[in-house]
Amino acid sequence: MNKKCVVLLSGGLDSTTTLAIAISEGFKPYAITFDYNQRHHIEIERAKMTAEKYGVHQLIFPLPLNLIGGSALTDNIDVPDNKIEEIGKGIPITYVPARNSIFLSVASAWAEANEINDIFIGVNTLDYSGYPDCRKEFIDAMERALTLGTKFHDRGKRIVIHTPLADMTKAEIIKRGSELGVDYSLTSSCYNPDEKGRACGKCDSCKLRLKGFAEAGLKDPVEYQ
Ligand code: ZN
């Protein structure tokens, strides 16, 4: 029987690839998708399609982070059109305050309730937007904090946070995912899609995605405006 794991599945390129990697490593994933009233709500629909495609159990967890705001993804702030060279320098306005701390905490609760101690998250620090909650130091500290705060610690076990994309470029992630048969047409990366779900091509996330596909020598199958 395959070992169970929880995968944070946003519906984006990175988390979808992470799900495929977890399966390739022999895990039986349980996907958790956060509905945080994000501007790009389409990604939740894409996450549902991916979960269905892989036949994995999915929990859609409502977390109205718009009540907190402070980000272009959850507040009434425009998504910027930055130059590609500027991406990753400084913390951008699309950073959602403490998002990964909150997501990993909820994911660990679901994991603990189901006797699962492996959690997969698709953070990476190359070709990324410079979010502080993607850094290795943060993930390591979170792994320790979640272990100490759950019953696993008392049983001599620990929570393991897997970050298979940590040291990969976007192009490497896309190549790996393609080898594993990931259908990138089911993913959505854009922070500011139109009502038909078509990507803007201008936000940081679109630019990193397009650069990744170009470097991988592959065509991005999603529709752009
Ligand atoms: Zn975009």
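Start by selecting Glu179 and Arg176: their side chains meet in a salt bridge, at 3.3 Å from N to O. Bear in mind as you look around that this is a predicted model. Both residues belong to helix H5, which covers residues 170-179. They sit 3 residues apart, about one turn of the helix. Now colour the pair by accessibility. Glu179 is exposed, with a relative accessible area of 61%, whereas Arg176 is partly exposed, at 30%.

Next, select Asp220 and Arg209. Here is another salt bridge between side chains, 2.8 Å from N to O. Arg209 lies in helix H6 (204-216) and Asp220 in the segment after that helix, so this pair ties together parts that are 11 residues apart in sequence. Are these two residues buried or exposed? Asp220 counts as buried at 7% relative accessibility, and Arg209 is buried too, with a relative accessible area of 2%.

Move on to helix H4, residues 136-148, and pick out Lys136 and Asp140. Their side chains form a salt bridge of 2.7 Å, N to O. The two are separated by about one helical turn because they are 4 residues apart in this helix. Lys136 counts as exposed, with 57% relative accessibility, while Asp140, at 36%, counts as partly exposed.

The last stop is the zinc ion. Which protein atoms are its donors? Show the SG atoms of Cys190, Cys200, Cys203 and Cys206, which lie 2.3 to 2.4 Å from the zinc ion. The site is tetrahedral, with angles of 101 to 120° among the 4 donor atoms. Along the sequence, the donor residues follow the spacing C-x9-C-x2-C-x2-C. Cys190 counts as buried at 1% relative accessibility, and Cys203 counts as buried at 0%.

Conventions:
Residues are numbered from 1 along each chain as its sequence is written. This is a predicted model: local features need pLDDT of at least 70, side-chain atom pairs count only at pLDDT 80 or more; totals for chains, interfaces and linings use all residues. Side-chain values use heavy atoms; hydrogens and water are left out. A salt bridge is a side-chain nitrogen of Lys or Arg within 4 Å of a carboxyl oxygen of Asp or Glu. Buried means under 20% relative accessible area, exposed over 50%, partly exposed in between (1.4 Å probe, protein chains only). Donors are N, O and S atoms within 2.8 Å of the metal (3.2 Å for Na, K and Ca); water is not among the atoms, so sites may look incomplete. Four donors count as tetrahedral if all angles lie between 85 and 135 degrees; four count as square planar and six as octahedral if opposite donors are over 155 degrees apart and all others between 65 and 115; anything else is irregular.
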